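My entries follow the order in which I looked.

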Amino acid sequence: MIPIFVPHLNKKAKKYVSKCIDTNWISSQGSYVRKFEKALARYHKVKYCVATSGGTSALHLAIKSLNIGKGDEVICPDLTFIAPANMIVLSGAKLKLVDIDPETLAIDHKKIEKEITKKTKAIMVVHQFGHSADMNPIMKIAKKYNLRVIEDNAESIGGKYKGKKLGTIGDVATLSFYANKIITSGEGGAVLTNSKKIAEKCYVLRDHGMSRSSKPIKRYIHLDLGYNYRMTNMQAAIGFSQLEIINKILKKRNNQMLLYKKYLSPISEIKVRSFKNWCSPVHWMTTITINKKNLRNKLIHFLFREGVDARPMINPVHQAYHFKKYFKDKDFKNSINISKNSIHLPSSTILSRKEIKYISKKVKAFFTK
């Protein structure tokens with residue numbers, strides 16, 4: 001079975017984790033947490049980075065750092081992994097969903113303004129599957145209505161929008177280092193910002209709301225209702241080793257994207273993911289959309305029998321059991337269509353040309369059959 005994804009780890013990951021164990025610095029107080037935060041800030045050319053236990057906890061911190069809560073509204077794309085929507089609601093705010101652009105698969109900026117009310121406080125942007133959202137018009141809308149912009153860059157680390165790194169355009173951004181992301185720490189995430197005020201609030205909320213005083217007595221004064229969203233030193237050690245080779249990882253991913261495009265493009269029954277010319281994408285997962293409806297599940301089962309672990313596209317947020325009573329399918333035609341008819345193909349950086357060719361051949365065989 002060719003798995004959907006295998007992390008790209010090197011020998012330094014083992015070396016750094018072993019150092020954590022040998023020195024007994026395994027919790028969130030070790031030196032690799034600060035090293036990883038500084039390296040991420042440097043890579044993105046932002047002032048502050050707050051490492052977290054996961055991409056979801058990073059989203060929660062980002063929302064709370066903007067003082068968003070009960071009585072507020074936050075706009076979010078309908079086709080995304082459910083974490084951004086869940087964190088908006090868990091923060092006490094009302095979720096306002098917007099359909100996606102069928103080409104970028106990110107939030108459709110042309111549909112944002114009609115969802116804005118006096119209660120709207122922020123726009124959640126998700127740079128989806130390695131492709132940037134169209135940020136210039138989104139930032140103009142945010143400026144017009146005095147809204148904050150949160151970038152969820154979980155799947156597109158290293159990507160750019162008109163030459164600017166994703167995660168550096170809005171007020172605050174979040175990253176994810178889950179095992180199948182661009183770089184990994186197993187579990188883990190981070191908040192990026194150029195605002196000292198936002199960063200300070202994230203640091204405090206991440207650590208039980210405790211004071212950041214260097215004095216031991218004052219350290220345990222609780223300033224806010226906080227959480228335990230800390231990254232461990234071992235996680236940070238793995239993440240730091242990944243960031244050291246990120247350019248190598250991105251190159252491998254890009255080469256894979258080109259190979260898949262070469263072998264899949266001739267198959268007329270599918271559409272291979274395309275990219276806008278203002279986007280410098282990163283390759284996260286190979287995404288194809290079937291032109292004929294109601295074949296997605298059949299293709300997945302066929303590929304599985306042929307030793308290929310393909311996955312269905314994520315479901316629209318509005319169809320989740322805890323959200324569906326608040327929304328109507330007719331408002332999300334693009335996200336429904338893309339979701340029902342798209343799949344992800346194996347995208348590990350260790351895939352050989354032979355394996356990519358085999359996977360593509362089996363996709364073609366399904367339609368020939």
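I kept in mind throughout that the model is predicted.

**Entry 1: a helix pair**

I started with α1 (residues 11-23) and α8 (residues 233-244). Their axes come within 8 Å and cross at roughly 155 degrees. Angles over 145 degrees count as roughly antiparallel, so α1 is roughly antiparallel to α8. I noted the crossing of α1 and α8 as right-handed.

Next I listed who makes the contact. From α1 I found K12, A13, Y16, V17, C20 and I21. From α8 I found N233, M234, A237, I238, F240, S241 and E244. I sorted the contact of α1 with α8 by class: nine residues are nonpolar, two polar and two charged.

**Entry 2: the cores**

Which residues touch the most other members of the largest nonpolar core? I got F36, L40, I157, F177 and L243, out of 41 residues in that core. Elements giving two or more residues to this core are α1, α2 (31-44), β1 (48-52), β8 (172-176), β9 (189-193), α8 and α9 (246-264). The largest share of this core comes from α2, with seven residues.

I then followed I157. Setting aside neighbours within four places in sequence, I157 is in contact with Y43, H44, L175, S176, F177, I182, I183, I246, L250 and V282. As a general reminder, nonpolar side chains in soluble globular proteins tend to be buried together.

**Entry 3: helix α4**

I looked up the buried residues of α4 (residues 83-90) and wrote down A83, P84, A85, M87 and I88. What do the buried residues of α4 pack against? I found α3 (55-65), β2 (73-77), β3 (94-98), β4 (120-126) and β5 (148-152). Just after α4, G92 takes a positive phi of about 100 degrees.

Most residues other than glycine have a negative phi. I went looking for exceptions and noted two.

N67 is not a glycine, yet has a positive phi of about 60 degrees. I placed N67 in the loop between α3 and β2.

H208 is not a glycine either, and has a positive phi of about 60 degrees. It sits in the loop between α6 (196-206) and α7 (216-219). Is H208 buried, exposed or partly exposed? Its relative accessibility is 33%, so H208 counts as partly exposed.

Note on methods:
Residues are numbered from 1 along each chain as its sequence is written. This is a predicted model: local features need pLDDT of at least 70, side-chain atom pairs count only at pLDDT 80 or more; totals for chains, interfaces and linings use all residues. Side-chain values use heavy atoms; hydrogens and water are left out. Axes are lines fitted to C-alpha atoms, for helices over the stretch in contact, and angles run from 0 to 180 degrees between N-to-C directions. Helices (H or I, at least four residues) and strands (E, at least two) are DSSP runs, numbered from the N terminus. Angles under 35 degrees count as roughly parallel, over 145 as roughly antiparallel, 65 to 115 as roughly perpendicular and the rest as oblique. A crossing is left-handed if the near helix is turned anticlockwise from the far one by less than a right angle, and right-handed if clockwise. Contact means heavy atoms within 4.5 Å. Ala, Val, Leu, Ile, Met, Phe, Trp, Tyr, Cys and Pro count as nonpolar, Asp, Glu, Lys and Arg as charged, and the others, Gly among them, as polar. A nonpolar core is a set of buried Ala, Val, Leu, Ile, Met, Phe, Trp, Tyr and Cys residues joined through side-chain atoms within 4.5 Å. Buried means under 20% relative accessible area, exposed over 50%, partly exposed in between (1.4 Å probe, protein chains only).
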